[in-house]
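Biologist: I would like to learn how to read a few features of a structure, beginning with the aromatic rings. Could you take me through them one by one?

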Amino acid sequence: MLLAIDCGNTNTVFSIWDGERFLCTLRTSTHHARTADAYFTWYSTLVKHYGIEADITDVIISSTVPRVVFNLRVFADRFFGCRPIVVGKPDCLLPFTPRVDEGTQVGPDRLVNTAGAFDRHGGNLIVVDFGTATTFDVVAFDGAYVGGVIAPGVNLSLEALHLAAAALPHVDISKPQKVIGTNTVECIQSGVFWGYVGLVREICERIRGESGQEMKVIATGGLAPLFQQAADLFDTYEDDLTMHGLTVIHRYNKENGAP
Ligand SMILES: Nc1ncnc2c1ncn2[C@@H]1O[C@H](COP(=O)(O)OP(=O)(O)OP(=O)(O)O)[C@@H](O)[C@H]1O
Ligand SMILES: CC(C)(CO)[C@@H](O)C(=O)NCCC(=O)O
Ligand SMILES: [K+]
């Protein structure tokens with residue numbers, strides 16, 4: 001069985017796979033100081049709760065936070081006796097070579113999203129991921145990551161307003177009924193919500209223009225459905241895209257003789 005781990009700057013998600021069959025997802029916040037033993041305590045409690053007979057033989061990790069990788073490696077070695085594949089490390093094979101400026105370290109989550117989206121949809125895609133940052137990954141005709149866009153995440157923008165302006169409260173994102181807010185909370189929600197609708201539309205339009213291609217837009221991340229409610233921004237929404245990408249890269253490494 002495969003344990004696929006996606007560590008973002010905010011949240012860490014584990015998913016367990018029996019071959020192609022998805023078994024469960026476990027989610028926790030990302031903390032660089034969490035030890036291998038602490039991961040196992042959390043993991044084994046939840047696996048037991050879900051009644052899963054998990055016999056993990058393989059682990060793959062994508063982490064946008066370099067510091068957490070050490071403890072996750074120890075976790076994989078100590079509790080499952082295996083050496084994980086870590087996306088972005090030289091010994092992890094990718095189904096494509098990113099076409100970016102020399103020396104650029106593309107976020108592993110973006111490489112994983114690219115692999116997952118190409119596997120499901122073929123090439124000429126824009127993948128929009130609403131995580132800590134809002135990222136746009138451009139996937140070429142042949143499945144290569146060829147660049148993209150990084151914008152501040154939705155929750156980060158809300159938090160930044162609250163932190164920087166003494167009179168602005170913390171506000172949760174939601175779809176406002178109108179553009180013109182008549183109280184502070186509505187004004188903030190309007191700015192961030194409609195601002196992101198415009199941002200997504202404009203960036204996708206410009207990517208299509210620059211590529212000279214029609215491109216399908218695939219959205220992932222918890223907040224994507226909220227934005228889709230407001231406007232026809234995406235062709236599809238796939239909440240499991242990153243996890244699927246991890247299984248694609250894992251399979252590719254197995255088939256191509258990686259350790
Ligand atoms: N249905 C939902 N409605 C509102 N907010 C949601 C929903 N699902 C998830 N969220 C929130 O959306 C945010 C984005 O979630 P997501 O898991 O895509 O990224 P993240 O974990 O915040 O980012 P990263 O992967 O960079 O750590 C999270 O703060 C999450 O709590
Ligand atoms: C942009 C984030 C933070 C999104 O999770 C991550 O992909 C990352 O740290 N990227 C490194 C820089 C890059 O992707 O070009
Ligand atoms: K994510």
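This is a predicted model: local features need pLDDT of at least 70, side-chain atom pairs count only at pLDDT 80 or more; totals for chains, interfaces and linings use all residues.

Biologist: How is a pair of aromatic rings described?

Modeller: Such a pair is described by the distance of the centres and the angle of the planes. In this structure the count comes to 17 aromatic pairs. Take Phe193 and Phe227, whose ring centres are 5.0 Å apart and whose planes meet at 10°, so the pair is stacked, given that planes under 30 degrees apart count as stacked.

Biologist: Which parts of the chain does that pair link?

Modeller: It links distant parts of the chain, with Phe193 in helix H5 (residues 184-211) and Phe227 in helix H6 (residues 224-230), 34 residues apart. Phe193 is buried, with a relative accessible area of 0%, and Phe227 is likewise buried, with a relative accessible area of 0%.

Phe227 also pairs with Tyr196: these ring centres lie 6.1 Å apart and the planes are at 50°, so this pair is tilted. Here too distant parts of the chain are linked, Tyr196 being in helix H5 and Phe227 in helix H6, 31 residues apart. Tyr196 is buried, as is Phe227.

Biologist: Which residues do ring pairs link into a cluster?

Modeller: The cluster consists of Phe14, Tyr39, Phe40, Trp42, Tyr43, Phe75, Phe79 and Phe80.

Biologist: Turning to helix H7, how far does it reach from its first C-alpha to its last?

Modeller: For a helix one compares the reach with the span expected at 1.5 Å a residue; H7 (residues 241-255) has 15 residues and reaches 21 Å, close to the 21 Å expected. Helix H7 is mostly covered, since 11 of its 15 residues are buried, among them Leu241, Met243, His244, Leu246, Ile249, His250 and Asn253. Just after H7, Gly257 takes a positive phi of about 75°.

Biologist: Which residues surround ligand 1?

Modeller: One begins with the list of neighbours and then looks at individual atoms. Ligand 1 is surrounded by Gly8, Asn9, Thr10, Asn11, Arg27, Phe130, Gly131, Thr132, Asn155, Gly221, Gly222 and Leu223. A backbone N or O atom of Asn11 lies 2.7 Å from an oxygen atom of ligand 1, while for Thr132 a polar side-chain atom lies 2.6 Å from a ligand oxygen. In the side chain of Asn155, an N or O atom is 3.1 Å from an oxygen atom of ligand 1.

Biologist: How much of the accessible area of ligand 1 does the protein cover?

Modeller: The protein covers 58% of the 620 Å² of accessible area that ligand 1 has on its own.

Definitions and conventions:
Residues are numbered from 1 along each chain as its sequence is written. Chains are lettered from A and ligands numbered from 1 in the order in which they are written. Side-chain values use heavy atoms; hydrogens and water are left out. Rings of Phe, Tyr and Trp (its six-membered ring) pair if their centres lie within 6.5 Å; planes under 30 degrees apart count as stacked, over 60 as edge-to-face and the rest as tilted. Helices (H or I, at least four residues) and strands (E, at least two) are DSSP runs, numbered from the N terminus. Buried means under 20% relative accessible area, exposed over 50%, partly exposed in between (1.4 Å probe, protein chains only). The expected span of a helix is 1.5 Å times one less than its number of residues. A residue is near a molecule or strand if one of its heavy atoms lies within 4 Å of it. A polar contact is a pair of N or O atoms within 3.5 Å; within protein, one must be able to donate a hydrogen and the other to accept it, and residues adjacent in sequence count only if both atoms are side-chain atoms. Accessible areas come from the Shrake-Rupley method with a 1.4 Å probe; for residues, only the protein chains shown count as cover.
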